[in-house]
Amino acid sequence: MIVVKVGGSLGIDYDAVCADIARLWRSGQKLVLVHGGSGETNRVAQALGHPPRFVTSPSGYTSRFTDRETLEIFEMVYCGKMNKGIVERLQRLNVNAVGLSGLDGRIFEGRHKGSVRVVENGKTLVLRGDHTGTVEKVNVGLIELLLNAGYLPVLSPPAASYEGVAINVDGDRAAAALAVALKAEALLLLSNVPGLLRDFPDEASLIRRIPAADVETYMEFAQDRMKKKVLGAAEAVAGGVGRVIFGDARAGEPVSAALAGAGTVVQ
Ligand code: ADP
């Protein structure tokens, strides 16, 4: 079993990712696909007159402040356009994909934060009305039901809070929790960069191997959103996932290449 998370940034070639997944699936590889959609969400939110607001936590993580309107735009894009676009690509390739969010069947469950502490202009503020949280529980029953019946699950945020409220969660960390719950041998985090770069954006500075025990010390190379990927990788290997690969989803055969060791391998 492998878990593949494909990001939502500009430059990702979803046709290439889906074609590669279809080949692997037909050869008998069990897998679950998780996807993002942040680039398209930003574009649609702007077009709807509700531009994204990014906030930084006191520990330096950047995230989207998700009020109710933002959550609804987020759902339109993630559960609608992005999810159905991927399911359609896979169906055209004769793979019986089923798209679900973490809210469906409570696949991803976690705590609703409600308010967040953020740092703005050097001051710490508390913002209320936030619909974000962290995945703490993965309910694999529905996923196993689908896999055993021959369907390929295609999953995306949001998750369900314990009270049943939709919460925006980080896709990389959700995929990591899923890989742990499914006892996956590998977790692939595919994005629009070749892997973790020592000197971002210099692609020649690709870090090829990270010993699992040292992964958190590599956090210093990751800026903004890459930090969540490194954190997700640390959580996955700590939870027993054999290896995590940060791979390139811009062209070629992104999944096969990552499985063959391209990108950054955490092991
Ligand atoms: P996705 O939506 O594809 O999952 P993110 O945008 O969340 O991806 O994270 C990937 C981005 O992280 C890259 O496009 C890059 O701009 C940024 N980044 C920051 N630091 C690094 C680094 N050290 N190596 C690679 N990418 C980095």
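How many aromatic pairs does the structure hold? The structure holds 2 aromatic pairs, where rings of Phe, Tyr and Trp (its six-membered ring) pair if their centres lie within 6.5 Å.

This is a predicted model, in which local features need pLDDT of at least 70 and side-chain atom pairs count only at pLDDT 80 or more, while totals for chains, interfaces and linings use all residues. Residues are numbered from 1 along each chain as its sequence is written, and side-chain values use heavy atoms, with hydrogens and water left out.

**Exercise 1.** Classify the pair formed by Phe74 and Tyr78, and then the pair formed by Tyr218 and Phe221.

*Solution.* Begin with the rule that planes under 30 degrees apart count as stacked, over 60 as edge-to-face and the rest as tilted. The ring centres of Phe74 and Tyr78 are 3.9 Å apart and their planes stand at 20°, so this pair is stacked. For Tyr218 and Phe221, the centres are 5.8 Å apart and the planes stand at 55°, so this pair is tilted.

**Exercise 2.** Find where a charge sits over a ring.

*Solution.* The test asks that NZ of Lys or CZ of Arg be within 6 Å of the ring centre and within 35 degrees of the ring normal. The charged end of Arg53 sits over the ring of Phe65, 5.6 Å from its centre, and Lys227 lies over the face of Tyr61, 5.9 Å from the ring centre.

**Exercise 3.** Describe the side-chain and backbone atoms that face the ligand.

*Solution.* Start with the side chains: an N or O atom of Lys5 is 3.2 Å from an oxygen atom of the ligand, and an N or O atom of Ser191 is 2.8 Å from a ligand oxygen atom. Then turn to the backbone, where an N or O atom of Leu197 lies 2.8 Å from a nitrogen atom of the ligand.

Note on methods:
A polar contact is a pair of N or O atoms within 3.5 Å; within protein, one must be able to donate a hydrogen and the other to accept it, and residues adjacent in sequence count only if both atoms are side-chain atoms.
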